[in-house]
Amino acid sequence: MSGFERVGRVEDIPSLEGRAVTVAGRRIAVIRLASGFVAIDGACPHRGGPLADGIVGDSCVTCPLHGWRFDLRTGAPVGGGAASGVRTYEVLERDGELYVSVPAEGIEAA
């Protein structure tokens with residue numbers, strides 16, 4: 001699985017919750033939806049709020065600091081507040097383990 005880094009076990013993340021991980025020097029939020037796992041930048045672009053600790057619902061996460069919302073599939077801002085979105089990352093689930101890929105350009109931008 002070239003280009004992917006192991007970030008934990010499936011059982012470590014309850015449904016509709018997230019966990020913060022570090023991949024290639026980047027803080028990433030891995031979140032479990034009913035349909036599977038997603039990964040986005042771990043910090044809200046507003047004031048760096050921890051998105052892994054945000055409220056998850058309707059395929060969105062709400063920053064716990066100031067309420068900015070982001071679509072978990074696209075990273076796009078939802079509703080008012082956020083002027084920019086967050087980056088999304090590919091997540092693989094294999095044999096009970098979770099892996100996240102950060103593209104080369106994501107590593108350079110870190």
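Me: What makes a contact a salt bridge in this predicted model?
Reply: A salt bridge requires a side-chain nitrogen of Lys or Arg within 4 Å of a carboxyl oxygen of Asp or Glu. A search of the whole structure, which is a predicted model, finds five salt bridges.

Me: Why is the contact of Arg9 with Glu11 called a salt bridge?
Reply: The closest N and O atoms of Arg9 and Glu11 are 3.3 Å apart; the limit is 4 Å, and therefore the pair qualifies.

Me: What makes the pair of Arg9 and Glu97 a link between distant parts of the chain?
Reply: The side chains of Arg9 and Glu97 meet in a salt bridge at 2.5 Å, N to O. Arg9 belongs to strand 1 (residues 4-9) and Glu97 to strand 10 (residues 97-101), 88 residues apart.

Me: Why is Glu97 called buried?
Reply: Its relative accessible area is 14%, and the term applies under 20%, so Glu97 is buried.

Me: Why can Asp41 and Arg26 be said to tie parts of the chain together?
Reply: Their side chains form a salt bridge (3.2 Å, N to O). Asp41 is in strand 4 (residues 36-41) and Arg26 in strand 3 (residues 26-33), so the pair ties together parts 15 residues apart in sequence. Both Asp41 and Arg26 are buried.

Me: What joins Arg6, Arg9, Glu11 and Glu97 into one network?
Reply: Salt bridges that share partners join these residues.

Note on methods. Residues numbered from 1 in each chain as written. Predicted model: local features only at pLDDT ≥ 70, side-chain atom pairs only at ≥ 80, totals over all residues. Heavy atoms only, no water. Helix = DSSP H or I, 4+ residues; strand = E, 2+ residues; numbered from the N terminus. Buried < 20%, exposed > 50% of the residue type's maximum accessible area, 1.4 Å probe, protein only.
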